[in-house]
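Morning, everyone. I have one structure to show you today. Let me put it on the screen.

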Amino acid sequence: ETNARRAVDRGYVQVLLTIYVDWHRHDSRHRYMLIRKGVLQCIKSVTNIKLGRKAFIDANGMKILYNTSQECLAVRTLDPLVNTSSLIMRKCFPKNRLPLPTIKSAFHFQLPVIPASGPVAQLYSLPPDVDDVVDESDDNDDAETESEIETENDDDKDQHFKNDDIETDINKLKPRQELGRPIEELKMYEQFFPELSENFQECDLVSKEPKPFVPDANLGGPIVVPTAGEE
């Protein structure tokens, strides 16, 4: 962050864009793609702060990266340059209001659990005349805080966000399994389905040691079918 501020104060954002365009024009055979990507990485690091994003827009960086990315689309080996340029442009593009009068859905679904302090309950408890499209996530240009520093990278690592509306109690999420017939009527099937009555808590179902092979004496004998008639 300190280096990014120093680069903005000394006007290095315009210099980095000029260097990138110069490499883009002269590297016609795309032999120095790693150098061009390194310049983009510097621009990406500078634009992690709000002053860097403002300097990038003032230096016409959005148009420069857009035009250079369009020229790189035909070459598959330049996909890393296009991806990094897209990340920078997406990060620096001003956030606009959603073209919707409200973010409330036209369809209402009966949720089993709605926490009273969750965002869903707060949203639907707002008066009709309250603007719910603009939320606390919009940029505030008055002051810059540390939370505004983005940590995007090319690997697109998964980020875990906490959502108060997601039910985490396993007991509430388990479906209730009810038998279609009384247990008394199912006792006739105990010999086929021992799990209906037996307790398997004390059984060692998975043995870590392999069982030795014992040849069965009945394997060589005839197969006896109890229900077959004698011939």
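Start with a pair of helices. The axes of helix H2, residues 12–26, and helix H5, residues 61–72, come within 11 Å. They cross at roughly 20°. Angles under 35 degrees count as roughly parallel, so H2 is roughly parallel to H5. Keep in mind that this is a predicted model.

Why give you those two values? Because two packed helices are described by the angle between their axes and the distance between the axes.

Next, the hand of the crossing. H2 passes H5 in a left-handed crossing.

Which residues make the contact? On H2, look for Leu 17, Tyr 20, Val 21 and His 24. On H5, look for Gly 61, Ile 64, Leu 65, Thr 68, Glu 71 and Cys 72. What kinds of residues are these? Six are nonpolar, three are polar and one is charged.

Now zoom out to the whole chain. How many helices and strands does the protein chain have? Eight helices, zero strands. Along the sequence, the pattern reads α-α-α-α-α-α-α-α.

On to burial. The protein chain has 231 residues, and buried residues make up 21% of them. The accessible surface of the chain is about 19300 Å². Carbon and sulfur atoms account for 54% of that surface.

Last item, contacts along the sequence. Take the contacts in the protein chain between residues at least 6 apart in sequence. Of those, 71% join residues at least 24 apart.

To recap the pair we began with: H2 and H5 are roughly parallel, and their crossing is left-handed.

How values were computed: Residues are numbered from 1 along each chain as its sequence is written. This is a predicted model: local features need pLDDT of at least 70, side-chain atom pairs count only at pLDDT 80 or more; totals for chains, interfaces and linings use all residues. Side-chain values use heavy atoms; hydrogens and water are left out. Axes are lines fitted to C-alpha atoms, for helices over the stretch in contact, and angles run from 0 to 180 degrees between N-to-C directions. Helices (H or I, at least four residues) and strands (E, at least two) are DSSP runs, numbered from the N terminus. Angles under 35 degrees count as roughly parallel, over 145 as roughly antiparallel, 65 to 115 as roughly perpendicular and the rest as oblique. A crossing is left-handed if the near helix is turned anticlockwise from the far one by less than a right angle, and right-handed if clockwise. Contact means heavy atoms within 4.5 Å. Ala, Val, Leu, Ile, Met, Phe, Trp, Tyr, Cys and Pro count as nonpolar, Asp, Glu, Lys and Arg as charged, and the others, Gly among them, as polar. Buried means under 20% relative accessible area, exposed over 50%, partly exposed in between (1.4 Å probe, protein chains only). Accessible areas come from the Shrake-Rupley method with a 1.4 Å probe; for residues, only the protein chains shown count as cover.
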